[in-house]
Amino acid sequence: MEVKYLKQFLIILLISFIGEILKAVLPLPVPASIYGMVILFVCLLTGIIKLEAVQDVGKFLIEIMPVMFIPAGVGLMNSWGVLKPMLIPVSVVTVVVLVAVMAVTGSVSQFVIRRGNTRQEGESEK
Amino acid sequence: MNEFMQDSAFAGVTISLLTYFVGIHLKKRFKSGLLNPLLISIAVTIVVLLAANVDYETYNMGAKYLSWFLTPATVCLAIPLYEQFELLKKNWMAVMAGILSGVITNMVTVLALAVLLGLNHQEYVTLLPKSITTAIGMGVSEELGGYVTITVAVIVITGVLGNMTGELICKIFHIREPIAKGLALGTAAHAMGTTKAMEMGEIEGAMSSLSVAVAGVLTVVGASIFAGLF
């Protein structure tokens with residue numbers, strides 16, 4: 001019997017569970033998922049977990065991830081009451097901050113990348 | 001029939017997934033970034049639930065199983081990150097500079113708008129963690145004494161909006177490097193932005209995943225400092 005997918009899912013759930021334990025034990029506002037992400041990353045880097053041991057199920061979960069946000073979005077139907085009195089400031093802040101953060105993050109990192117690239121090219125020409 | 005709908009554990013989720021697929025089809029057909037499957041699915045599902053007089057709690061009886069997968073799926077974001085590790089090592093300066101500047105921009109812009117729009121302290125701290133992943137943002141808002149339900153709503157709206165407009169905003173600001181695009185999406189629109197980055201490419205997806213974690217943690221520290229400023 002092929003239990004490849006079951007085994008991969010088990011490893012991923014086990015790491016999620018360890019993340020949950022860390023969240024309960026450590027006094028930081030970090031969710032189980034972020035602890036889990038760091039654990040899996042470190043395990044992959046050190047070779048404790050081989051890429052093939054989680055790859056198929058992992059890629060599947062990432063592929064269907066967008067639909068996992070639908071329930072939270074539909075939950076907005078219950079937020080109308082609390083949002084209504086703050087609607088204008090909330091809308092302005094949401095849009096302006098989104099555009100500003102995206103533009104600054106992208107531009108700053110692109111600037112550093114391109115500066116690094118031109119410097120490297122300069123060195124290789126010498 | 002209506003009574004059956006009101007108790008069904010599958011009806012709501014089926015409508016959500018169905019409309020998501022219709023959304024994907026529409027997007028392909030008309031090639032418009034504004035036809036966002038996530039937004040279409042959320043909007044149509046809400047309209048159907050309201051029309052059929054089904055409350056969110058009933059819908060969530062089935063839908064919570066979709067949400068349940070979010071933690072294991074987020075854990076798996078470590079996989080693309082691992083696959084792009086060489087690229088990450090080579091560009092770590094750009095990565096850190098990008099995320100840090102984004103987190104600071106978030107704080108400064110929220111502060112400036114709070115002063116400009118005449119918000120009170122509680123409204124201000126409610127909005128401070130708006131760009132980060134829900135689980136961290138909720139904790140920050142609670143810690144600082146904000147309205148947690150509004151924080152969650154704003155985080156979700158930010159995510160949907162970022163998912164919708166991310167490609168367009170990158171184009172407008174001439175952000176063309178895949179690394180920079182991924183960082184921008186993840187830092188500004190958390191995991192919902194990351195799902196868009198995954199569609200754009202492997203490098204974008206990996207960088208966006210990293211930003212969700214790093215920006216989340218930096219915001220915990222940053223928000224506690226900025227909360228004292230206003």
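Is B:Asn53 buried or exposed? At 58% relative accessibility, B:Asn53 is exposed (buried is under 20% relative accessible area, exposed over 50%, partly exposed in between, with a 1.4 Å probe and protein chains only). Some notes on the rest follow.

1. Ground rules. This is a predicted model, where local features need pLDDT of at least 70, side-chain atom pairs count only at pLDDT 80 or more, and totals for chains, interfaces and linings use all residues. Residues are numbered from 1 along each chain as its sequence is written, chains are lettered from A and ligands numbered from 1 in the order in which they are written, and side-chain values use heavy atoms, with hydrogens and water left out.

2. Positive phi. B:Asn53 has a phi near 60 degrees, positive although the residue is not glycine. B:Asn53 sits in the loop between α3 (37-51) and α4 (56-68) of chain B (helices are DSSP runs of H or I with at least four residues, strands are runs of E with at least two, and both are numbered from the N terminus). B:His174 is another non-glycine residue with positive phi, near 55 degrees. B:His174 belongs to the loop between α11 and α12 of chain B and is partly exposed, at 47% relative accessible area. For context, most residues other than glycine have a negative phi.

3. The interface. Chain A puts 66 residues in contact with 91 residues of chain B (contact means heavy atoms within 4.5 Å). The area buried between the two chains is about 7200 Å², with carbon and sulfur atoms giving 84% of that (buried area is the accessible area, 1.4 Å probe, that two parts lose on being put together, summed over both). On the chain A side, A:Met37, A:Phe69 and A:Met102 supply 10% of the area buried against chain B, more than any other three residues.

4. B:Thr105, in helix α8 (residues 92-117) of chain B, is buried at 14% relative accessibility. Setting aside residues up to four places away in sequence, B:Thr105 touches A:Ala100, A:Val101 and A:Val104. B:Glu177 is in the loop between α11 (148-172) and α12 of chain B, and counts as buried at 19%. With the same exclusion, B:Glu177 touches A:Gln110, A:Ile113 and A:Arg114.

5. Helix α2 of chain A. The 15 residues of α2(A) should span 21 Å at 1.5 Å a residue, and the end C-alpha atoms are 21 Å apart, which agrees (the expected span is 1.5 Å times one less than the number of residues). Its buried residues include A:Met37, A:Leu40 and A:Phe41. The buried residues of α2(A) pack against α1 of chain A together with α5 (70-76), α6 (78-83), α7, α10 (134-144) and α13 (202-226) of chain B. After α2(A) comes A:Gly47, with a positive phi near 85 degrees.

6. A:Ile12. This residue lies in helix α1 (residues 4-25) of chain A and is buried, with a relative accessible area of 0%. Leaving aside neighbours within four places in sequence, A:Ile12 contacts A:Val54, A:Val57, A:Gly58, A:Leu61, B:Pro72 and B:Cys76. The C-alpha atoms of A:Ile12 and A:Val54 are separated by 7.1 Å, with the two residues 42 apart along the chain.

7. Rings. There are six aromatic pairs over all chains (rings of Phe, Tyr and Trp, the last by its six-membered ring, pair if their centres lie within 6.5 Å; planes under 30 degrees apart are stacked, over 60 edge-to-face, the rest tilted). One of them is A:Phe41 with B:Phe85, edge-to-face at 5.8 Å centre to centre and 70 degrees between the planes. That pair crosses between chains, from helix α2 (residues 32-46) of chain A to helix α7 (residues 85-90) of chain B. A:Phe41 is buried at 14%, whereas B:Phe85 is partly exposed at 22%. B:Trp68 and B:Phe69 also pair edge-to-face, at 5.0 Å and 90 degrees. Ring pairs link A:Phe9, B:Trp68 and B:Phe69 into a cluster.

8. The one I'd look at again. Helix α12 (residues 178-200) of chain B has 23 residues, but its end C-alpha atoms are only 9 Å apart, short of the 33 Å a straight helix would reach. The helix α12(B) bends by about 145 degrees at B:His190 (the angle between axes fitted to the seven residues ending there and the seven starting there). Of the 23 residues of α12(B), 18 are buried, so this helix is largely enclosed by the rest of the structure.
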